[in-house]
Amino acid sequence: MAEQPCILIIYTGGTIGMVKDPKSSVLKPLTFLNLYQYLPVLENFNYCFDFFTFNPLLDSSNMSPAFWIELAKVIETNYESFDGFVVLHGSDTMAYTASALSFMLENLNKPVIFTGSQLPIGMVRTDGRENFINSIEIAAASEQETPMVPEVAICFDDKLFRGNRTTKFNSEHFGAFVSGNYPVLAEVGVYIRYHNELILKPNFKKLKVHKELDDNIAILKLFPGINQNIVHNTLTTPGLKAVILETFGAGNAPTVPWFLDLLKEAIDNGVILFNVTQCKGGKVEIGKYETSVEMGKIGVIGGTDITTESAVTKLMYLLGCGYPKEEVEHLLQISLRGEMTL
């Protein structure tokens, strides 16, 4: 680590990077040239900054696996030149992007800190300033020349979350994210309190960036009265390789014969079924209740306490690696990047 930490700020789009044009009053994207105008406190950091802006910028609702690959490439290209990375991103799909990057950046030994805001950074009451400043300080933090947070994380509302453990649950409050099944990695107050025992440890291996993602997956969210045709049409989608079943409670689902028959038929046809709970806290325990026993018998894979966002991106990553079905099912039940509790 250099004496003066070097941080690359990557702007993908989103609310945080919008500032009001003084002439037209229209919100326009932030540029590196006027960054210090809105955040003069950055001058107080003894850090080296550089800025990368995607062109075109994307609203987070337009995020895609193709964009995740481009973002991973930017980090790969600049990995040896910087001590940490701060990614400015729209909050709506931030948990998906952070989860995806956690799988794509194998052997990550430097901080990749995602942040954003609920209000544009150019507004008086914006939460973007604190989120941005906190993220920079965390990305630069080290101890004995080793980064404090060598993993993909989300910094929001004075809290640092593991990226692949988060879900956006509120669109109005500054506390937009929740990590229902894993404690926060750090808390920002007068000091930044790092919970070192919860943070992934560096392995000091060479970074390996995975650039193949397979999006032939679907999410089937269960609800009382779900129609047989809906389930059938989802499970028989052409080219489908995997389905995330968003089930009730601890992984429970209807026990009516037609439902189980359709699941078994899909599995027999080579489709992977991954059972993830709809709850924001707690985990799937196949076999705990009678309503999940049969799913276990026919080969539905339990996702324990993984989030839907992490389940989506983990499947895309594993399928993109080209593993056979049996290996994908095996790896779905193993924590690869701290995304689930076993």
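Contact means heavy atoms within 4.5 Å. The views show a predicted model in which local features need pLDDT of at least 70 and side-chain atom pairs count only at pLDDT 80 or more, while totals for chains, interfaces and linings use all residues. Residues are numbered from 1 along each chain as its sequence is written, and side-chain values use heavy atoms, without hydrogens or water.

**View A. Packing of helices H8 and H9.** Helices and strands are DSSP runs numbered from the N terminus (helices, H or I, at least four residues; strands, E, at least two). Helix H8 (residues 308-320) packs against helix H9 (residues 325-332) at an angle of about 145 degrees, and their axes lie 10 Å apart; axes are lines fitted to C-alpha atoms over the stretch in contact, and angles run from 0 to 180 degrees between N-to-C directions. From H8, Lys314, Leu315, Leu318 and Leu319 meet Val328, Leu331 and Leu332 of H9.

**View B. Surroundings of Ile10.** Leaving aside neighbours within four places in sequence, Ile10 is in contact with residues including Phe52, Phe54, Leu71 and Val74.

**View C. The cis peptide bond between Asn55 and Pro56.** Omega is about 5 degrees at this bond. Pro56 belongs to the loop between strand E4 (48-53) and helix H2 (65-78).

**View D. Asp157 and Asp158 in the loop between strands E10 and E11.** Although not a glycine, Asp157 has a positive phi of about 55 degrees; for Asp158, also not a glycine, the positive phi is about 65 degrees.
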